[in-house]
Amino acid sequence: MPDERNSDFIRPEIVESGQGPADEKTRLVLASKMLPARIHLLPAGAKPVFPGLMFPIVLPPGPSARIVKEVTRDSGDRIVGVVLTKEEETSADGESVHRRLYRVGTAARILKFQESPEGAVQALLQGQKRFEILRAVEKDQRLIADVVYLEDVLTPGDEIKALALSIMNTMRDLIKHNPFFSEEIKMFLSRADWGDPGRLADFAVTMTSSTREELQDVLECLDVKTRLEKVLFLLRKELNINELKEKITQQIEEKISKQQREFFLREQLKAIKQELGLEKDEKTEEIERYEARLAELELPDEARDRVREEIDKLKLLPPQSPEFAVSRNYLDWLTGLPWGVFSEDRLDVRRARKILDRDHYGLEDVKKRILEFIGVAKLRGTVEGSILCLVGPPGVGKTSLGRGVAKALGRKFFRFSLGGMRDEAEIKGHRRTYIGALPGKVMQAVKSVGTANPVIMLDEIDKVGASFQGDPASALLEVLDPEQNSGFRDHYLDVPFDLSKVLFIATANVPDTIPGPLLDRMEVIRLSGYIQQEKLAIGKRHLVPRLLPRHGLTAEDVRFTDRALRAMIDGYAREAGVRAFEKAIRSCLRKVAVQKAAGDVDGCVHIDPAKVEELLGKPRFVDDPLMSRGRAGVVMGLAWTPMGGATLYVEAMAIPGESGEKGIRLTGQLGNVMVESSHIAFSLVKANAARFGIRRDFFKGKTVHVHVPTGATPKDGPSAGITIATALVSLGLGKRPPARLAMTGELTLTGRVLPVGGIREKVIAAKRARVRRVILPKDNAKDFEEIPERVRRGMQAFFVGSYAEVYDLVFGRGLAKAR
């Protein structure tokens, strides 16, 4: 026995009955003469070993391999103990392995042994007998244990016989489903009988795919009856798993067999039809289809030669080749384009006028320009060489006008957006060397409409981007140039296609972001926006009739009064377009539809201003009564924005007795140009204070604060010069300017008033704000005259060339004389 003082022993509690580590009937026995009481231990990580069975092991160089080698060389009985570890992964260096071993294992005899030059070991072992570890010690990474061998507890009887026969029958059933064990099970059953039930149970359980814990539980079970019951349960479980696996396999095989059978039948049917001349193979049909298209189309010589080359190439390619699909797609595009297919133009000015008037209210100057375009095209006999660009704020009808032009000309219409486009391949296509290459948007549009002279709308052309992938705006130069697009060559198609008959209509909110060379190729038509009367007519004639059916309502269910529509326009939709107006009508109809569906209202719902406020809530836009009456130091100006014209107020206030810098203070997120205009106006007014009737000491020791609401909106531009100067003069005189007066104009340091842009949009904004009088630069008189009469009606314009004239109009008797 090892010396307990120098070794690390584990002494389990062993009792004669009731608390044994292996089974409740465990009993200690004397060791057999052939089996030593002290043996080396081999940890097993996968599954335990059972007595009576042979099993091979392969061990890498290490402590376990050295144990097998030493036992084979030094021990005459060649016995080692194989014990399952409590964790599947064993420690490579053997540190404290015995603490993680189960206490019951199997003594095995080494039958054959072979060692490789690297130190790895291959051995064949045979299980001998169960044992239980009494004491174990680790020495030089080797496990040595004192063990006691365990005997089976068997009580003969009919129940043992029945369990054994059931196990044997189940094993025979298992052979039918799992041929992997068939020969081994047959050999065992031919030699074994129920008279050795313990050995039968040990063999049977190794034929299952049970877990290592379930197998260890069977190994530790010494009562044969209990062991047979556990093994029978595991065998039944294994049989059920195999039956389920066989069922799944059969279903998959049936499905595959059905598909294979259908494939063979289709191939046979195809062969029979080909022999009878009833059908041709897919490749022949494709080639004949392309040749028929080639005969029908009016292709240029270059395109016709390219199609013939691709057809000849297709004849040589097998259908399974990837190149076959690439070539077929290319031929689909080449032969699918409308070569020489044109829709007949209807160049009838009267018909076009009727269509435009029917679909669009107002915009007389725009419709007049479109009719001029159609009239010239009628005299020329063609519309080629023209590219229109509709510029205006959102919601004024640019896209619908383009669709109306296509309808008036009798052409197909296609629209795609350029907003955010950053890859020039979107315009000119991808080269065929790339996987998934396609033609550009222009050629896709031509193929989609089926004619070579459609109306193509390039929406949001002012929002085209650029990146490392190219500049789409530069790619558009060739598309929109009448001198180049007659032979437009898409990268994918790589043959010239005539785009000169296509009418391109671009849309933009502002022309400033459109590249100069691109803008130079287009004819710009500006859409300024709508006034209240126009919006009212659009709502009655177009919006309400179109939105009623979309909400499940009819004209008998809902009626809007004119006053209700005006209340919506003034309180909820003061923008240049009609989108906010449409949203307000939509919101009213949704709420009425809910009331109708719930049965809360019957009959026709009349919507008046009070009902509008009930449905939409408080108005978003409310006129300030102080601003309407006017006050000293506050003047209304006119501004241009990408969303259309707008009115804004300039407020001035003198702050006396402040320490620090005197002069002017500016707030309201003003840009550099507007800041300069403010300083010019302040210098002009301060230098000419006596001429304007302002006390000489008014600005002395004071800070003049100029603010332009609203502070969250950035503002810039030179057109507020006379407005800021008038606010400062009004502050110095303590006089308020006349009510319903607005002005715009750039101011110089000498008092000259220079012309500004956006007069049309600014006047329309003044009309929406119910302004009666406007002061404009003298050089903008021609721009005012171009504004439609319906907008100018009820508004008086005054044209000035110097600020002295502005002063005379506002604070002198100029306006009184004008009345």
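Reader: Is I248 buried, partly exposed or exposed, and what is its relative accessible area?

Author: This is a predicted model, in which local features need pLDDT of at least 70 and side-chain atom pairs count only at pLDDT 80 or more, while totals for chains, interfaces and linings use all residues. Residues are numbered from 1 along each chain as its sequence is written, and side-chain values use heavy atoms, with hydrogens and water left out. Buried means under 20% relative accessible area, exposed over 50%, and partly exposed in between (1.4 Å probe, protein chains only). I248 is therefore partly exposed, with a relative accessible area of 42%.

Reader: Which residues make a nonpolar surface patch with I248?

Author: I248 lies in helix α6, residues 224-276 (helices are DSSP runs of H or I with at least four residues, strands runs of E with at least two, numbered from the N terminus). The patch covers about 360 Å². Its members besides I248 are L244, I252 and I256.

Reader: Is V405 buried or exposed, and which residues does V405 touch?

Author: V405 belongs to helix α12, residues 398-409. V405 is buried because its relative accessible area is 2%. Contact means heavy atoms within 4.5 Å; leaving aside residues up to four places away in sequence, V405 touches I370, L503 and I505.

Reader: Which residue takes a positive phi in the hairpin of β4 and β5, and near what value?

Author: This hairpin has five residues between the strands. The residue with a positive phi is G119, near 105 degrees.

Reader: What is the order of the strands in the open sheet of seven strands, and which are the edge strands?

Author: The pairing in this sheet is mixed, and the order is β18-β19-β17-β16-β20-β23-β24. Each edge strand pairs on one side only. The edge strands are β18 (663-667) and β24 (796-800).

Reader: Which residue in β20 is the bridge partner of M636?

Author: Two bridges join strand β16 (residues 634-641) to strand β20 (residues 741-743), and these strands run parallel. The bridge partner of M636 in β20 is A742.

Terms used:
Patches are made of residues with over 30% relative accessible area and no salt bridge: like charges are joined within 9 Å, nonpolar side chains (Val, Leu, Ile, Met, Phe, Trp, Tyr) within 5 Å. Accessible areas come from the Shrake-Rupley method with a 1.4 Å probe; for residues, only the protein chains shown count as cover. A salt bridge is a side-chain nitrogen of Lys or Arg within 4 Å of a carboxyl oxygen of Asp or Glu. Two strands pair if DSSP finds at least two bridges between them.
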